[in-house]
Amino acid sequence: QTMRDAIAWSYDLLPARRQTLFRHLSVFAGGFTLEAAERVSDGAPDALRALDDVAALVAHSLVQQVDETEAAPRFAMLETIREFACKQLVQSGDLEDVRWRHATYVLALAETWAARLDGAEMAASLNLLSAELPNLRVALAWAMEQGAAETAARLAAALYPFWNFRGHLREGQRWLRAALAAGAVERTTRIDALLAIAGLAALQGDHSAAQALSEEGLHDSQEQGYLFGAMRARFLLGITAEWRGDIDLAAARYRESLEGRERLGPSHWVARSLASLADVLYLQGNLTEAKTLATEALTLAHAAGHAWTEAVALTVLAQVAVDGAAYEEAARLCTEALRVSQALEDKRGITGVLGTLAGAFLKAGQPRRATRLLAAARALADGIGLVHVAHSLAYERVLAGARASLSEYAFNDAWAKGSSLPLDRIIAAAPRECALLTSRIEPERASDDELTEREVEVLRLLSTGATDREIGDLLFISHRTANAHVAHIFAKLDVHTRAEAAAEAVRRGLSHLDAAHVYPRR
């Protein structure tokens with residue numbers, strides 16, 4: 001009550017115009033820019049007046065400036081203050097009018113930036129849409145409440161790259177399905193929405209739904225003479241076939257999607273089909289054509305400013321380099337693909353780079369490091385609800401090779417270490433893994449997989465806190481020999497401190513014995 005009284009006191013001190021603005025700003029969720037404040041307040045742009053009025057609200061502690069996520073500063077209300085302002089807005093009778101202005105502005109803004117998701121402004125567009133996502137949710141819900149299904153469906157379909165790259169797979173599907181259920185929409189809008197749902201379903205592993213929706217979209221596109229829809233539908237059918245493991249069918253579908261490419265011009269969708277075709281050709285062992293098509297895809301994607309496709313093509317070229325043991329070239333390509341994916345905050349793209357690095361380390365004779373990278377990629381994908389990591393069939397091949405190269409215990413141990421890393425550490429560590437490829441890679445020794453019987457004894461004692469001298473006395477070996485055993489254990493377990501070694505002993509079930517009892521001093 002004291003807080004509400006304080007808010008009311010500050011509100012009462014405002015002149016009528018600023019009270020009105022304060023009430024109107026309550027329709028924003030997750031913050032707003034000065035331009036948004038202008039449009040929602042009365043719809044008439046007046047940057048200077050908006051700046052003065054918002055600054056006054058900041059001075060009265062009714063609004064606060066939040067961290068900038070773009071060129072323009074953003075402002076927000078604390079939730080308690082927003083609730084008070086919203087109540088005042090309801091009492092004023094202006095709620096519906098202000099909600100209409102808010103939705104109109106946000107939908108127009110989002111549609112403008114969604115159109116830029118396919119070009120050089122992709123990263124900036126993704127960041128802006130992320131900042132406006134709470135407002136976008138409110139506006140989409142309003143559009144469907146008002147029966148504006150065409151607007152909602154068109155926008156939700158245009159936002160497909162955003163739903164995809166920022167990991168909003170389920171939410172994107174919900175908006176798209178709800179929009180199609182809200183009323184009739186134009187045929188091409190419906191096709192775009194169906195194919196967006198298909199793409200999101202495929203990413204979540206729902207291959208049956210993805211295939212059915214893609215086939216429906218292809219049929220409708222052919223009826224409408226919608227060339228872009230037909231190309232995209234065939235591309236999605238290729239993805240579905242690939243992720244089901246049928247690379248021959250996938251290659252055929254990708255080739256079909258490129259039919260009539262001259263009528264589409266040098267679009268990023270042509271680049272995407274070329275990159276995906278190169279990916280399956282690599283899996284078929286056709287490295288020469290895979291490299292040729294991936295290079296062409298990279299050129300087209302770069303010209304179109306489509307960073308995501310650049311990352312796909314770079315990763316395919318890195319896989320080809322790994323196949324030829326050209327590790328420095330693979331490292332360069334992986335580093336560049338990683339840079340592009342990180343700029344987009346595309347975690348799925350990062351999983352593809354990690355899988356490719358794993359393939360390089362496996363080929364170089366380091367299956368444990370490869371396994372840790374594979375586990376990290378899987379953890380990253382799980383963290384955003386992805387069933388398939390990028391370049392998933394190549395990933396599965398490397399995974400099978402890692403399993404075959406290690407004992408069951410060694411594989412599980414390396415997998416546990418890779419999958420236990422926090423997602424931010426996985427992303428931060430990826431550039432270092434790329435750098436390692438540029439140095440001389442020493443194959444792991446076969447004996448590194450397991451501890452010797454003597455090393456097990458030393459580890460048990462080490463887990464009790466025994467020093468090297470105490471370990472030597474207990475096992476009747478020299479202190480120098482005990483120290484050497486500890487060093488070998490550190491290397492084999494990939495740990496750096498005695499505490500980490502003790503934790504590893506606990507995980508292996510080797511720490512429950514009391515060293516002084518089992519190895520009594522003589």
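What volume does the largest cavity have? The legends below start with that view. This is a predicted model, in which local features need pLDDT of at least 70 and side-chain atom pairs count only at pLDDT 80 or more, while totals for chains, interfaces and linings use all residues. Residues are numbered from 1 along each chain as its sequence is written, and side-chain values use heavy atoms, with hydrogens and water left out.

View 1. The largest cavity has a volume of about 260 Å³. A cavity here is a set of points on a 1 Å grid over the protein atoms alone where a 1.4 Å probe fits but cannot get out, and lining residues have an atom within 4 Å of a point. The points are joined across faces, edges and corners, and the volume is the space filled by probe spheres set on them. Of the 20 lining residues, Ile239, Trp243, Ser276, Trp308 and Arg348 are the closest to the centre. Two or more residues each come from α9 (160-165), α11 (187-203), α13 (227-243), α16 (268-283) and α18 (307-323); helices are DSSP runs (H or I, at least four residues) numbered from the N terminus. Look to α13 for the biggest contribution, five residues. The lining splits into twelve nonpolar, four polar and four charged residues, where Ala, Val, Leu, Ile, Met, Phe, Trp, Tyr, Cys and Pro count as nonpolar, Asp, Glu, Lys and Arg as charged, and the others, Gly among them, as polar.

**View 2. The second largest cavity.** Here the volume is about 70 Å³. The residues around this second cavity are Trp308, Ala311, Val312, Thr315, Ser341, Asp346, Arg348, Gly349, Ala390 and His391. Both α18 and α20 (347-363) supply two or more of them, and α18 gives the most, with four. By class, this second lining has four nonpolar, four polar and two charged residues.

**View 3. The largest pocket.** Now for an open space: a pocket is an open set with protein on both sides within 12 Å along at least five of seven lines. The largest pocket has a volume of about 770 Å³. Its lining has 23 residues, with Arg372, Lys417, Leu421, Arg425 and Asp494 nearest the centre. Helices α21 (367-383), α23 (408-419), α24 (423-437) and α28 (498-507) each give two or more residues, and the largest share, six, belongs to α24. Ten nonpolar, three polar and ten charged residues make up the pocket lining.

**View 4. Helix α2 crossing helix α5.** The axes of α2 (residues 16-24) and α5 (residues 79-92) come within 7 Å and cross at roughly 110 degrees. That makes α2 roughly perpendicular to α5 (angles of 65 to 115 degrees count as such). On the α2 side, Phe22, Arg23 and His24 meet Ile81, Phe84, Ala85, Gln88, Leu89 and Ser92 of α5, with contact meaning heavy atoms within 4.5 Å.

**View 5. An aromatic pair, Tyr11 and Phe84.** The whole structure holds twelve aromatic pairs, meaning rings of Phe, Tyr and Trp (its six-membered ring) whose centres lie within 6.5 Å. Tyr11 and Phe84 pair edge-to-face, at 5.7 Å centre to centre and 75 degrees between the planes; edge-to-face means planes over 60 degrees apart. Tyr11 sits in helix α1 (residues 2-12) and Phe84 in helix α5, so this pair links distant parts of the chain, 73 residues apart.

Technical notes: Axes fitted to C-alpha atoms, helices over the stretch in contact; angles between N-to-C directions. Parallel < 35°, antiparallel > 145°, perpendicular 65-115°, else oblique. Phe/Tyr/Trp six-rings, centres within 6.5 Å; stacked < 30°, edge-to-face > 60°.
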